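Visitor: I would like to learn how to read a model like this one. Please take me through it feature by feature.

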Amino acid sequence: MEKNRLNSHYDVIIVGSGPAGLGAAFKLAENTQHSILLIEKKKISSGGLRNDCKQNYTYPVGFPCEHWSKEEADELLKEVASHLNPTIEAKINIEKYAARAKKIGVEILSIDQAHVGTDKSSELIGNLIDALKVLHVNVALKTEVHSIHAKKKTISLEDGTYISFNHLILAPGRADYDWLQEQMDTLGVPYSDNIVDIGVRIETKEENYPIVRDYYDPKILFPGKVRTFCTNSGCAHIVREKYKGYYSVNGHSLSRENERNNLVNFAMLKTIRLTEPVVSGQQFGKILGEMVMQLSGGSVIMQRVGDFRMGARSKAETFNNDLYDFEPTLKSAVAGDLSLCMPAKILRDIWKSLKMLDTIIPGVLHPSTIIYYPEIKTYSNKPAFIDKHFCVKEGYYIIGDGAGTSRGITAAWASGIRAAHGIIKENI
Ligand SMILES: Cc1cc2nc3c(=O)[nH]c(=O)nc-3n(C[C@H](O)[C@H](O)[C@H](O)COP(=O)(O)OP(=O)(O)OC[C@H]3O[C@@H](n4cnc5c(N)ncnc54)[C@H](O)[C@@H]3O)c2cc1C
């Protein structure tokens, strides 16, 4: 095991080898003589770098505006690109869609994007990890950090090993938000509640959503804080991800080398920020997820647009008839009734946005189109940062999606660079 080679002390320990952790590791390794340990509990980083790996290179996609100016993001995106070597996808015929959208109060963002594909991403990650090792970063995969001991400036691993540090960068991602919150409590870092994104994932035939032939992942903003998110086509599939107490759907696609299945999937998400008396966005997301578990017998719900329009639930026996002419890619989803599971305000705003989308790109609301629910994106409570380098306490930095400093691969990487700048500056 790689753990055996670990030292008892490092100048910098980075927890999490997603894009945020990698961004910090490269910046520090290339610009300092610090001893660096990068720790990852899985055998390969588990977020979007591994799944699908669409990279967005246009501000503000992925960059929460309260933390980032366009100038800084543009500058850092060049540095991100120098490590990820993206091949930017072509975008054509966008003007016709954008003009239609504008007429009805919808905005189509023009974004520079690259797509690696789930089948190719592990090679990319492997090359990045190898490059870090050449730069003398100690990389410990399959090694989980259990807790942090602030007084002694040490971390403890699951196997009971203690390692001390001068600087600790936490980049555990969104999935481990509850672990991060425990660590913030231990460190005495104040935090505030964060937003939650709740929505559906649409699956349809490519011919019903031909914009994807011209623009790989169209970023479309609707009124009511609804947006398209994470579009997949080519060889595209919907997956079910397990969270504590519920499943959320997600989508991904394989690289262009794979045979096309002529299906498209994308999320329609509504951002919710709860205020008093109920303030926990995460708890709200969890309750909605658990309700779907109850109604679906332990899975996620899917409904054909044709049934939804008629106010009828979808049923297993009628789900694939002549009009409903493609099979769902997520076999474990249960045919049911969205209206029974979704809060009215969320359903209303998303359905209205879908109708607007169907005006801009006629066909997407074909009766066969499938709506899967829920797609839930929770974020960790937001730490109170004491400087612009995402420092939360002297020697401690929290970055990436888990900290609410990013919402995507490239911005997460940029947040790692910014934290590294903080450490480099401290030592000048
Ligand atoms: C299925 C899926 C597909 C996605 N697709 C895209 C996409 O195509 N494009 C895009 O821009 N974004 C995508 N995203 C979002 C993207 O994953 C995140 O924006 C990005 O990965 C955030 O980077 P991060 O470094 O903050 O966290 P992560 O990438 O989540 O990395 C955090 C890492 O920390 C590790 N970790 C957590 N706790 C510990 C611990 N205690 N000890 C050791 N290691 C720990 C985790 O195993 C994980 O590998 C996707 C997300 C998912 C879940």
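Visitor: How many bridges join strand β14 to strand β15, and do they run parallel or antiparallel?
Guide: Strands are DSSP runs of E with at least two residues, and helices are runs of H or I with at least four, numbered from the N terminus. Two strands pair if DSSP finds at least two bridges between them. Here β14 (residues 236-243) and β15 (residues 246-253) are antiparallel, with eight bridges. Lysine 242 sits opposite tyrosine 247 of β15. The two strands make a hairpin with two residues between them, and glycine 245 in the turn has a positive phi of about 100°.
Guide: This is a predicted model, where local features need pLDDT of at least 70, side-chain atom pairs count only at pLDDT 80 or more, and totals for chains, interfaces and linings use all residues. Residue numbers start from 1 along each chain as its sequence is written.

Visitor: Which residues of α9 are buried?
Guide: Buried means 20 or more other C-beta atoms within 10 Å of the residue's own, with C-beta atoms placed from the backbone. In α9 these are Ile346, Ile350, Trp351, Ser353, Leu354, Leu357 and Ile360. They pack against α3 (94-103), β11 (196-205), β12 (219-222), β13 (226-232) and β16 (263-272).

Visitor: Why is α10 largely enclosed?
Guide: Because 13 of its 18 residues are buried, α10 is largely enclosed by the rest of the structure. Now check its span. The expected value is 1.5 Å times one less than the number of residues. From first C-alpha to last, α10 reaches 26 Å, close to the 26 Å expected.

Visitor: Where do the domains lie, and how many residues are in contact?
Guide: Domain bounds come from an automatic or database assignment. The assignment gives domain 1 (2-88 + 114-192 + 382-426) and domain 2 (196-378). Their centres, taken over C-alpha atoms, are 30 Å apart. Contact means C-beta atoms, placed from the backbone, within 7 Å. Twelve residues of domain 1 are in contact with eleven of domain 2. Helix α4 (residues 118-134) gives the most to the domain 1 side, with three residues.

How values were computed: Two residues are in contact if their C-beta atoms, placed from the backbone, lie within 7 Å. A residue is buried if 20 or more other C-beta atoms lie within 10 Å of its own, exposed if 12 or fewer, and partly exposed in between; C-beta atoms are placed from the backbone.
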